[in-house]
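Here is a friendly walk through one model, meant to be read with the viewer open. Please load the structure below and follow along.

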Amino acid sequence: MSHGDRVWSVSEHLESILTQLRPLEPIELQLLDAQGCVLVEDVTVPVALPPFPNSSMDGYAIRVADIHAATAEHPAVLEVIGDVAAGAGELPTVRPGQAARIMTGAPVPPGAEAVVPVEWTDGGTGGGPAVTMTAHSADPTGAAGEVRVHRPAEHGQFVRDRGSDVAAGELALTAGTVLGPPQIGLLAAIGRGSVKVRPRPRVVVLSTGSELVQPGEPLEPGRIHDSNSFALTAAARAAGAIAYRVGAVSDEVETLRATIEDQLIRADIVVTSGGVSVGAYDVVKEALSSLGDSFGELGDGASGFVEFRKLAMQPGKPQGFGRIGPERTPLLALPGNPVSAYVSFELFVRPAIRTLMGAPSVHREVVRAVCVASIDSSPEGRRQFLRGHYDHRTGTVTPVGGAGSHLVRALAQADCLIVVPEAVTAVPAGQDVDVVLLD
Ligand code: AMP
Ligand code: MG
């Protein structure tokens with residue numbers, strides 16, 4: 001099918017992709033598998049945190065009245081009745097004139113009202129050998145002798161109260177939260193082993209081109225290493241997806257179709273690179289424009305399975321998008337030049353991945369920056385994305401490399417894309433431009 005010579009704007013193409021996509025159905029995942037995913041349930045705290053009052057210091061659990069007049073010259077002398085280690089279950093009762101040696105995180109024993117850090121004491125003297133500490137029991141009977149306390153303490157000092165972090169019944173996390181390391185830590189702390197989230201989309205990346213050789217293999221004349229499938233797989237991972245890299249497929253329609261068909265089973269999105277322009281051997285275009293029944297009905301009145309378009313964009317003019325197979329899996333066909341493929345990924349595939357994840361931020365951050373060098377010629381009628389280096393301290397951006405879509409080293413040195421709008425053909429040095437931040 002053909003839409004003739006219609007030229008799509010960048011935003012029209014993006015819009016037409018995103019309106020076809022819905023966030024993936026939530027599933028229950030183990031905590032570490034849920035990292036980076038969006039929570040779809042409100043999580044309430046079943047038991048207060050901390051679950052019991054505990055010491056924030058290594059020191060002595062005491063009664064406030066016993067040491068209210070303590071000074072360095074006239075320390076309060078207390079009988080040490082035992083040790084309380086973190087994890088202790090059985091606790092000694094601290095009575096007037098007594099103290100219990102206590103470790104950080106250990107439960108404050110009954111009778112004690114505060115903890116004095118070991119630095120406020122003489123460290124405990126006399127009474128023979130130190131009491132043996134065990135992780136799971138206090139030693140209510142083993143007296144360790146005496147301790148001299150040099151300063152008074154306030155009620156509750158160095159004690160973390162039950163529920164002082166969060167009380168039972170309170171919200172720990174709300175639906176929509178992206179689970180980063182601290183959120184995963186909180187879920188673990190409140191005893192959750194798994195949570196309901198939107199899963200990471202599975203992205204199958206395949207490159208096309210009979211000239212492509214796997215990195216690590218020697219190059220024969222006329223051949224190049226397949227870099228796109230690596231860059232795009234890495235980019236899909238960085239966007240939050242589970243990415244599967246399929247090795248380069250040769251420029252044969254049947255091979256490509258069979259490979260895509262095989263891959264559909266594990267794909268929420270298929271991304272191809274190369275073979276979408278107007279040359280001979282443009283295999284993706286050939287294979288997917290005429291897929292017909294082998295990939296099932298599209299069912300929304302569209303006349304093609306994958307539509308190939310010309311975009312008002314540089315690099316990245318030829319693009320394909322459609323939905324294929326029984327699951328109507330979205331497929332984005334990107335151009336083959338490495339910079340074109342990568343820029344296209346950033347502009348179209350990444351937002352698609354983020355949409356499937358239900359992510360709150362679908363798009364990259366765009367900032368205004370002063371372009372420190374002039375951009376002398378930019379194609380009229382096409383939105384140009386030049387590679388740049390952004391300096392957030394000065395709010396400036398410097399173009400890196402030229403406009404050539406084969407310049408992979410410059411791409412590797414860049415951290416942003418400089419946007420030159422359709423109507424602009426030159427940017428003088430010192431002018432403000434839009435900058436898409438890439439990390
Ligand atoms: P195509 O769109 O397939 O004609 O590819 C355009 C240009 O990008 C050609 O010079 C290809 O050799 C190059 N190219 C295509 N695919 C890849 C790839 N996977 N890795 C590196 N270069 C590629
Ligand atoms: Mg090719």
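## The ligand and its polar contacts

A backbone N or O atom of G275 lies 2.9 Å from an oxygen atom of ligand 1. Two further polar contacts (pairs of N or O atoms within 3.5 Å) are worth a look. A polar backbone atom of S227 is 3.0 Å from a nitrogen atom of ligand 1, and a polar backbone atom of G336 is 3.2 Å from an oxygen atom of ligand 1. On its own, ligand 1 has 480 Å² of accessible area, of which the protein covers 76%; such areas come from the Shrake-Rupley method with a 1.4 Å probe.

## About the model

This is a predicted model in which local features need pLDDT of at least 70 and side-chain atom pairs count only at pLDDT 80 or more, while totals for chains, interfaces and linings use all residues. Residues are numbered from 1 along each chain as its sequence is written, chains are lettered from A and ligands numbered from 1 in the order in which they are written, and side-chain values use heavy atoms, leaving out hydrogens and water.

## The shell around ligand 1

Ligand 1 is surrounded by 16 residues, and the closest are E211, D226, S227, G275 and G336. A residue counts as near if one of its heavy atoms lies within 4 Å. By class, the shell has eleven polar, three nonpolar and two charged residues, with Gly counted as polar.

Buried means under 20% relative accessible area, exposed over 50%, and partly exposed in between (1.4 Å probe, protein chains only).

## Backbone details to check

Two peptide bonds are cis: L49 to P50, with omega near -15 degrees, and Q314 to P315, with omega near 0 degrees. P50 lies in the loop between β4 (43-44) and β5 (54-55).

F158, a residue other than glycine, has a positive phi near 60 degrees and counts as partly exposed at 23% relative accessibility. R328 is not a glycine either, yet its phi is positive at about 50 degrees; R328 counts as partly exposed at 24% relative accessibility.

Definitions and conventions: A polar contact is a pair of N or O atoms within 3.5 Å; within protein, one must be able to donate a hydrogen and the other to accept it, and residues adjacent in sequence count only if both atoms are side-chain atoms. Helices (H or I, at least four residues) and strands (E, at least two) are DSSP runs, numbered from the N terminus.
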